[in-house]
Amino acid sequence: MKGLYPNLRVGCSIHGLEAGCQKEREGADYLLFGNVYQTESKSGLKGKGVKSLASLTEAVSIPVIAIGGIHLSNLESILQTKVYGIAVMSSIAEAHHPGEKAWRFQSRIQRSCYHA
């Protein structure tokens, strides 16, 4: 795909360090890594953990976006890695006030000393 469309940004969803390194070698522009924590959308699947996320962000030079089970209560530990960004679904979609919840995520990220 990149050969036909060199300006197209291509991301890959991955679940581990080895796959992330391989996708970077194959030309991925960014990685979506998850599930970091256990989540209802991946019922029964244990989270990969922040240490796995941190290992990945240290090993690759392309942006890594974390997804899976991310809530305001565990956001700080994710921001302590070299993660490029986060993708949040359930925490916002299931909130009584989704707009306010999204604003709280954005605010915490912007205030974080880890935010680049």
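Reasoning from values to terms in a predicted model

Q: Why is Leu4 counted as exposed in this predicted model?
A: Leu4 has a relative accessibility of 68%, and exposed means over 50%, so Leu4 counts as exposed. Leu4 belongs to the segment that precedes β1 (11-14).

Q: Which residues touch the most other members of the largest nonpolar core?
A: Leu31, Leu53 and Ile78 do, within a core of 23 residues. At least two residues of this core come from each of β1, β2 (30-34), α2 (50-59), β3 (64-67), α3 (75-79) and α5 (98-111), and α3 supplies the largest share, three residues.

Q: What does Ile78 touch, not counting residues up to four places away in sequence?
A: Ile78 touches Val36, Tyr37, Val50, Leu53, Ala66, Ile70, Val83 and Ile86, where contact means heavy atoms within 4.5 Å.

Q: How do you know that the span of α5 is close to the one expected?
A: The 14 residues of α5 reach 20 Å from first C-alpha to last, which is set against the 20 Å expected at 1.5 Å a residue.

Q: Which residues of α5 are buried, and what covers the buried residues of this helix?
A: Phe105, Ser107 and Ile109 are buried in α5, and the cover over its buried residues includes α3, β4 (85-87) and α4 (90-93).

Conventions
Residues numbered from 1 in each chain as written. Predicted model: local features only at pLDDT ≥ 70, side-chain atom pairs only at ≥ 80, totals over all residues. Heavy atoms only, no water. Helix = DSSP H or I, 4+ residues; strand = E, 2+ residues; numbered from the N terminus. Buried < 20%, exposed > 50% of the residue type's maximum accessible area, 1.4 Å probe, protein only. Core = buried A, V, L, I, M, F, W, Y, C linked by side-chain atoms within 4.5 Å. Expected span 1.5 Å × (residues − 1).
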